[in-house]
Amino acid sequence: MKFDYLFRNVTVIDGSGGAEYRADVAILGDRIVDIAPSITGEAECEIDGGGRVLAPGFIDVHTHDDINVIRFPEYLPKISQGVTTVIVGNCGISAAGATIKTQVPDPMNLLGEAEQFIYPTVEAYSHAVEQARPAINVGTLVGHTALRNNQMDDLFRTASADEISAMRKQLKLALQQGALGLSTGLAYASAFQSSTEEVMALVEELAAEKGIYTTHLRSEFEPILDALDEAFRIGRHGNVPVVVSHHKCAGAKNWGRTVETLKLFDKVRQQQDVSCDCYPYSASSSTLDMKQITDEFDIIITWSGPHPEVAGQTLKQIAQSWSMSLHEVGKLLMPAGAIYYNMDEQDVRRVLRYPVTMVGSDGLPNDPMPHPRLWGAFPRVLGHYSRDEKLFPLTEAVHKMTGMSAARFQLPERGLVKRGYYADLVLFDPATVRDVASFSHPKQPAAGIEAVMVNGVMSYGAGQQVTGRAGRFLRRQA
Ligand SMILES: [Zn+2]
């Protein structure tokens, strides 16, 4: 038999969480066709792994790459980490299924400008992805805030019965067109006034189509246990799986409380399907939020509409040079983006280690000074947390970014190195893999990622260049 590619002498970490093993792996077309201690046969291209790790391509379950993955289809920030699939549409904001009338409400402005929202349906979005042919696969959630913005003239109230029924219709259509589920961003002012019942009504549509519910909780600060309880109740109401997005305990008064939140997860997991994702940093990033301005920790301004010149400075520095209070400065900078050093490292570790935590970057691709998670989240888990800090074995680190994620988000035949599965693969050196992106120099490809294959096409490798684009739109499979 003649293969397209033959990886010789690799250490397979297959994504299941099971033990690693030495093997040869053969690729034909877009599939893995053989895995054996020694494969006889020829290939168009043989790659000597030299004992390095061959793993399933990483699945970034939490992204805001909706528009950028179409505008910049090489998508270096992600493919250079070994990511082969992104899930977009998180935190209540999606480009798919969104129509902008005049202004892009916060935080949908994280995704792009008004004229870039040109995908009124998931169908339109999927065509655009297929046409752009990005380097990575793309699956989308539909955002609750996007649905609200489609149907409501005022986001700062609960939706009426008519508006809810219009949102339900749009959600149902989106699911039928292949959306993976519904996301909410209840902490943001543009969704905060929605009632639990409003979200419960939408989740009923998910149940019928077996979609997933992901949520940026109503609060990640002191009321976090109530916010978790709300998310779990919503999941129970629809009998749908719940993913708590970027789980954290934010704010100095809240530090250490992941002991409590994970205890609640333990308890609830015995009765329903709940999990979470997490990015491996103790600083968060989003649009600048007046409610989160504090002198308890540093806040870096990453962009500002009226004052682009302050990007990269702390709010405190700007306040000093302008002789104003933090809040006065915040008001003048709006709309703006920020990095908040608002987490405790021990909380980050506890969440990352938790058995049902997946890795998601939450990277913000339009930021001129992005949080380094955009370029570094996955190699940071492999290098810093697994190898250097020994938080968990490499097999578990890989499982949290591959097999577990594909199972949760129902991406069949992906997420494992397994015969018959799609050839989404990453070859990396476990001794040197690391995140190079830093807070001061955030736009840098990872070290140690040697080759990335997407759907059987060699897509990234030597010289840190994109060498192919074979990404597909991934539709929900009931
Ligand atoms: Zn979020």
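Does Ala191 count as buried or exposed, and at what relative accessibility? The points below take up that residue and then the rest of this predicted model.

1. **Ala191.** This residue counts as buried, because its relative accessibility is 0%. Ala191 sits in helix H6, residues 189-192. Beyond its neighbours within four places in sequence, Ala191 is in contact with His144, Thr145, Arg148, Gly185, Leu186 and Arg218. For scale, take Thr294. Ala191 and Thr294 are 103 residues apart in sequence, and their C-alpha atoms are 23 Å apart in space.

2. **Gln177.** Here the setting is a loop, the one between helix H5 (161-176) and strand S10 (181-185). Gln177 counts as buried because its relative accessibility, 15%, falls under the 20% cut-off. With neighbours within four places in sequence left aside, the contacts of Gln177 are Thr121, Val122, Glu123, Phe473 and Arg475. Leu228 lies 51 residues from Gln177 along the chain, with 30 Å between the two C-alpha atoms.

3. **H7 against H8.** Helix H7 covers residues 196-209 and helix H8 covers residues 224-238. Their axes are 8 Å apart, and the packing angle is about 40 degrees. H7 is therefore oblique to H8. The crossing of H7 past H8 is right-handed. On the H7 side, the contact is made by Thr196, Val199, Met200, Val203, Glu204 and Ala207. H8 supplies Glu230, Arg233, Ile234, His237 and Gly238. Sorted by class, the contact of H7 with H8 has five nonpolar, three polar and three charged residues.

4. **H9 against H12.** The axes of H9 and H12 cross at roughly 20 degrees and come within 10 Å. The angle is under 35 degrees, so H9 and H12 are roughly parallel to each other. H9 passes H12 in a crossing that is right-handed. Thr258, Val259 and Leu262 are the H9 residues here, and they meet Asp347, Arg350 and Val351 of H12. By class, the contact of H9 with H12 has three nonpolar residues, one polar and two charged.

5. **The buried side of H12.** Which residues of helix H12 (residues 345-353) are buried? They are Asp347, Val348, Arg349, Val351 and Leu352. The packing partners of the buried H12 residues are helix H9 (258-269), strand S13 (274-278), strand S17 (357-359) and helix H13 (373-388).

6. **Nonpolar cores.** In soluble globular proteins, nonpolar side chains tend to be buried together. In this model, the largest nonpolar core has 101 residues. Which of them touch the most other members? Tyr125, Tyr213 and Phe428 do. Apart from this core lies another, of 20 residues, including Val12, Ala23, Tyr421 and Ala451.

7. **Phe428 in detail.** Leaving aside neighbours within four places in sequence, the contacts of Phe428 include Arg52, Val53, Ala55 and Phe58. Leu382, Leu394, Val398 and Val433 are also among its contacts. Gly448, Ile449 and Glu450 are in contact with Phe428 as well.

8. Asp106 and Pro107 are joined by a cis peptide bond, with omega about 0 degrees. Pro107 lies in the loop between strand S7 (83-88) and helix H3 (122-132). Met334 and Pro335 are likewise joined by a cis peptide bond, with omega about -5 degrees. The loop that holds Pro335 runs between helix H11 (326-333) and strand S16 (336-340).

9. **Positive phi outside glycine.** Asn239 is not a glycine, but its phi is positive, near 55 degrees. Asn239 is in the loop between H8 and strand S12 (242-244). Asn239 counts as exposed because its relative accessibility is 71%. Gln410 also has a positive phi, about 50 degrees, without being a glycine. Its loop lies between helix H15 (403-408) and strand S18 (425-428). How exposed is Gln410? Gln410 is partly exposed, because its relative accessible area is 26%.

How values were computed. Residues are numbered from 1 along each chain as its sequence is written. This is a predicted model: local features need pLDDT of at least 70, side-chain atom pairs count only at pLDDT 80 or more; totals for chains, interfaces and linings use all residues. Side-chain values use heavy atoms; hydrogens and water are left out. Axes are lines fitted to C-alpha atoms, for helices over the stretch in contact, and angles run from 0 to 180 degrees between N-to-C directions. Helices (H or I, at least four residues) and strands (E, at least two) are DSSP runs, numbered from the N terminus. Angles under 35 degrees count as roughly parallel, over 145 as roughly antiparallel, 65 to 115 as roughly perpendicular and the rest as oblique. A crossing is left-handed if the near helix is turned anticlockwise from the far one by less than a right angle, and right-handed if clockwise. Contact means heavy atoms within 4.5 Å. Ala, Val, Leu, Ile, Met, Phe, Trp, Tyr, Cys and Pro count as nonpolar, Asp, Glu, Lys and Arg as charged, and the others, Gly among them, as polar. A nonpolar core is a set of buried Ala, Val, Leu, Ile, Met, Phe, Trp, Tyr and Cys residues joined through side-chain atoms within 4.5 Å. Buried means under 20% relative accessible area, exposed over 50%, partly exposed in between (1.4 Å probe, protein chains only).
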